[in-house]
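Please keep the sequence and the structure in view while reading.

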Amino acid sequence: MSDTLDSLETRAPEQRERELMARLPGLIARAQGTSGWGRILAGVDANRVTSRAALAALPVTRKSDLKSLQQEHKPFGGLTATPNGQLNRIFMSPGPIFDPEGRGTDWWRFSRPMYAAGVRAGGLLQNCFSYHFTPAAYMVEGGAARIGCTVIPAGSGQTELQVQAMVDLKPDTYIGTPSFLKIIIEKAREMGADISSVRHALMGAEALPESLRRWFAENGVPHVLQTYASADVGSMAYETRSGDVVHPGMVLDEDVIVEIVRPGSGDPVPPGEVGEVLVTLFNQDYPLVRFATGDLSAIMVDAPPSPCGRTNTRIRGWMGRADQTTKVRAMFVHPAQVNEIARRHPEILKARLVVSGRMANDVMTLHCEVEDPGQAHAPAIIETIRDLTKLRGEVEFAVRGSLPNDGKVIDDVRDYS
């Protein structure tokens with residue numbers, strides 16, 4: 001049985017680079033045929049974009065720009081090359097931000113991380129990503145269809161039913177967030193249920209600290225890998241392993257070009273330096289050119305080839321955010337949402353959202369400066385937090401001038417150890 005999905009993963013690095021650069025002119029030309037990219041890439045000669053240097057001279061489009069672009073030209077800001085009526089699905093995440101899905105096989109390219117995690121034809125996986133408005137569950141569905149395995153569309157929540165499905169159907173793989181698998185395992189232990197069939201797990205949407213990976217191994221799930229994906233790009237990179245050994249870093253997907261640039265700019269940093277992840281995506285429906293994810297990472301340098309046999313570049317994985325947009329329980333929270341909460345409640349003079357706690361126990365607290373904390377009322381503000389972010393949050397009141405004067409709207413102080 002092969003340890004790689006296809007021969008693209010084992011190409012010589014020089015061959016891969018030549019083939020990626022040769023595809024760039026076609027990608028740029030297709031993007032220029034859309035109203036949005038046509039404006040962003042106006043004046044660019046697509047035929048001359050055949051190198052990383054030429055690519056680095058093009059404008060950067062930031063994830064944080066999507067909301068305003070989409071408000072100007074709904075639903076996708078003019079960045080899609082396929083008419084809306086010919087797409088497969090349209091997703092919506094808080095913001096709101098809309099994401100398309102085309103009709104191609106494994107459109108999100110999720111089969112590669114799934115295969116690396118041990119998913120095989122004839123297997124059974126429990127898909128615990130949400131099917132509600134967001135694309136993560138459908139990324140798994142597309143990858144499963146390509147590989148040829150069966151899916152239990154479990155979604156998120158209903159922990160006892162999740163355990164019962166594992167007991168009765170005996171899936172070999174869990175795919176979802178790390179925190180939810182931890183909750184399922186603890187619930188199974190409480191119920192006295194046997195879910196030992198689950199030996200493999202592919203995690204995403206949250207950080208996976210090594211302490212939690214060890215906890216999974218100690219509690220019956222020894223083969224746990226992470227994937228790096230987003231609702232805009234799909235799969236970008238993923239961990240690999242040989243046997244029980246997880247290899248350092250994350251292998252890039254075969255259909256993306258990743259640049260690491262100085263945050264707030266489009267200037268590539270020296271190899272090995274931490275910077276913001278920029279992605280150029282070869283996608284016929286949703287071409288992305290120098291799309292800034294807002295995530296921090298670094299190219300692994302001077303590292304030997306991965307023992308798994310894959311030859312693509314490896315990055316160090318997710319290393320934080322280049323902006324203040326923060327992910328809480330698999331959902332992005334934007335500074336604009338915090339400002340909107342304050343706008344809806346005029347008694348709030350200044351607001352700062354603090355995200356604290358540990359893995360699987362995130363705590364989101366809105367600290368509000370008000371004139372008289374003793375007279376302030378939290379329930380209405382808590383309801384607005386839930387309405388705008390789709391997450392539960394608490395409120396603490398403080399006197400005028402007590403919050404730090406450092407420009408932060410969102411402060412992530414979670415413990416990832």
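Two strands count as paired if DSSP finds at least two bridges between them. With that in mind, a hairpin of 3 residues joins β8 to β9. The model described here is a predicted one. The points below start with the sheet that holds this hairpin and then move to other parts of the chain.

**The eight-stranded sheet**

- An open sheet is built from 8 strands in the order β5-β4-β6-β7-β8-β9-β12-β16, and its pairing is mixed.
- The edges are taken by β5 (150-152) and β16 (314-315); each has a single partner strand, so one side of each has no neighbour in the sheet.
- Helix α6 packs on this sheet and touches β4, β5, β6, β8 and β9 (234-238). The direction of α6 makes about 165° with that of β4.
- Strands β6 (residues 173-176) and β7 (residues 200-203) are parallel and share 4 bridges. Within this pair, G176 stands opposite M203 of β7.

**Strand β8 and its partners**

- How many of the 8 residues of β8 are buried? The count is 7, so β8 is largely enclosed by the rest of the structure.
- On one pairing, β7 and β8 run parallel and are joined by 4 bridges. H200 has H223 in β8 as its bridge partner.
- On another pairing, β8 and β9 run antiparallel, again with 4 bridges. A229 has S235 in β9 as its bridge partner.
- Strand β7, helix α9 and strand β8 together make a β-α-β unit, which is right-handed.

- G220 lies in the loop between α9 (210-218) and β8 (223-230).
- Is G220 buried or partly exposed? Its relative accessibility is 28%, so G220 counts as partly exposed.
- G220 and H200 are 20 residues apart along the chain, and their C-alpha atoms are separated by 9.5 Å.
- If neighbours within four places in sequence are left aside, G220 is in contact with V198 and R199.

**The four-stranded sheet**

- Another open sheet has 4 strands in the order β1-β15-β14-β13, also with mixed pairing.
- At its edges stand β1 (61-62) and β13 (256-261); each has a single partner strand, so one side of each is left without a neighbour in the sheet.
- Strands β14 (residues 275-281) and β15 (residues 288-297) run antiparallel and are joined by 5 bridges. L281 stands opposite L288 of β15.
- Helix α1 (residues 13-32) lies across β13, β14 and β15. Relative to β13, α1 runs at about 90°.

**Strands β20 and β21**

- Strand β20 (residues 361-370) and strand β21 (residues 394-399) run parallel, with 6 bridges between them.
- The chain passes from β20 through α11 to β21, and this β-α-β crossover is right-handed.
- E369 stands opposite A398 in β21.

**Helices α10 and α11**

- Two packed helices are described by the angle between their axes and the distance between the axes.
- Helix α10 (residues 335-344) and helix α11 (residues 379-389) have axes that come within 10 Å and cross at roughly 145°.
- The crossing of α10 with α11 is right-handed.
- Which residues of α10 meet α11? They are Q337, E340, I341 and R344. On the α11 side the contact involves I381, T384, I385, D387, L388 and T389.
- The residues of this contact between α10 and α11 divide into 4 nonpolar, 3 polar and 3 charged.

- Most residues other than glycine have a negative phi, and most peptide bonds are trans. The points below concern exceptions to this.
- K74 and P75 are joined by a cis peptide bond, with omega about 0°. P75 lies in the loop between α4 (66-72) and β2 (89-93).
- D106 is not a glycine, yet its phi is positive, near 45°. D106 is found in the loop between β3 (97-101) and α5 (111-116). With a relative accessible area of 8%, under the 20% limit, D106 is buried.
- F133 is also not a glycine and has a positive phi of about 75°. F133 sits in the loop between β4 (124-127) and α6 (136-147). At 44% relative accessibility, F133 counts as partly exposed.

Conventions:
Residues numbered from 1 in each chain as written. Predicted model: local features only at pLDDT ≥ 70, side-chain atom pairs only at ≥ 80, totals over all residues. Heavy atoms only, no water. Axes fitted to C-alpha atoms, helices over the stretch in contact; angles between N-to-C directions. Helix = DSSP H or I, 4+ residues; strand = E, 2+ residues; numbered from the N terminus. Left-handed = near helix turned anticlockwise from the far one by under 90°. Contact = heavy atoms within 4.5 Å. Nonpolar A, V, L, I, M, F, W, Y, C, P; charged D, E, K, R; others polar. Buried < 20%, exposed > 50% of the residue type's maximum accessible area, 1.4 Å probe, protein only. Right-handed = clockwise from strand over helix to strand, strands pointing away.
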